[in-house]
Amino acid sequence: YISMVEVLYNTDRKKEAVEMMEKIIKLRPTNSAYLSTLADLYLELQDYWSAKKYYFRVLEYEPSNEKAKQKLKELS
């Protein structure tokens, strides 16, 4: 499924990529890499509230994730 997200993203179908990633996260809700990918997608779509929400979730499962910390700092 992740490769499908990449295809959607690379063909400028970012909203569809977000929808696919949300489905993947329902299956793997604690996977911080998936959560980070979804946060990045929301950031690209300029949905800052959702991006922050998922960066916070990354930190719930991986408190030392520097990328998520930095992104949250930038979004504050």
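Mentor: Start with burial. A residue is buried under 20% relative accessible area, exposed over 50%, and partly exposed in between (1.4 Å probe, protein chains only). This is a predicted model: local features need pLDDT of at least 70, side-chain atom pairs count only at pLDDT 80 or more, and totals for chains, interfaces and linings use all residues. Numbering runs from 1 along each chain as its sequence is written, and side-chain values use heavy atoms, without hydrogens and water.

Trainee: Is S36 buried or exposed?

Mentor: S36 counts as buried, because its relative accessibility is 10%. It is found in helix 3. Helices here are DSSP runs (H or I, at least four residues), numbered from the N terminus.

Trainee: What does S36 touch?

Mentor: Contact means heavy atoms within 4.5 Å. Not counting residues up to four places away in sequence, S36 touches Y55, V58 and K67.

Trainee: Y34 lies in helix 3 too. How does Y34 count by accessibility?

Mentor: Y34 has 23% relative accessibility, so it counts as partly exposed. Leaving aside neighbours within four places in sequence, Y34 is in contact with I2, M21, I24, I25 and R28. Now compare sequence with space. Y34 and V58 are 24 residues apart in sequence, yet their C-alpha atoms are 8.7 Å apart.

Trainee: How do helix 2 and helix 3 pack?

Mentor: The axes of helix 2 and helix 3 are 10 Å apart, at an angle of about 155 degrees. That makes helix 2 roughly antiparallel (over 145 degrees) to helix 3. Helix 2 passes helix 3 in a left-handed crossing, meaning the near helix is turned anticlockwise from the far one by less than a right angle.

Trainee: Which residues of helix 2 and helix 3 meet?

Mentor: Helix 2 brings K14, A17, V18, M21, E22, I24 and I25; helix 3 brings Y34, L35, T37, L38, L41, Y42 and E44. By class, this contact has 10 nonpolar, 1 polar and 3 charged residues. Ala, Val, Leu, Ile, Met, Phe, Trp, Tyr, Cys and Pro count as nonpolar, Asp, Glu, Lys and Arg as charged, and the others, Gly among them, as polar.

Trainee: At what angle do the axes of helix 4 and helix 5 cross?

Mentor: Roughly 150 degrees, with the axes of helix 4 (residues 48-61) and helix 5 (residues 66-75) coming within 9 Å. These two helices are therefore roughly antiparallel to each other. Helix 4 passes helix 5 in a left-handed crossing. On helix 4 the contact uses Y48, A51, K52, Y55, F56, V58 and L59, and on helix 5 it uses A68, K69, K71, L72 and L75. The classes are 9 nonpolar, no polar and 3 charged.

Trainee: Which residues of helix 5 are buried?

Mentor: They are A68, L72 and L75. An arc of only 65 degrees around the axis, taken from the directions to the C-beta atoms, puts them on the same side of helix 5. What covers them includes helix 3 and helix 4. The face turned away from that buried side carries the exposed residues E66, K73 and E74.

Trainee: What about phi?

Mentor: Most residues other than glycine have a negative phi. D12 has a positive phi of about 60 degrees. It sits in the loop between helix 1 (2-10) and helix 2 (14-27). D12 counts as exposed, because its relative accessibility is 60%.

Trainee: Where is Q46?

Mentor: In the loop between helix 3 (32-44) and helix 4. Its phi is positive, about 65 degrees, although Q46 is not a glycine. At 58% relative accessibility, Q46 counts as exposed.

Notes. Axes are lines fitted to C-alpha atoms, for helices over the stretch in contact, and angles run from 0 to 180 degrees between N-to-C directions. Angles under 35 degrees count as roughly parallel, over 145 as roughly antiparallel, 65 to 115 as roughly perpendicular and the rest as oblique.
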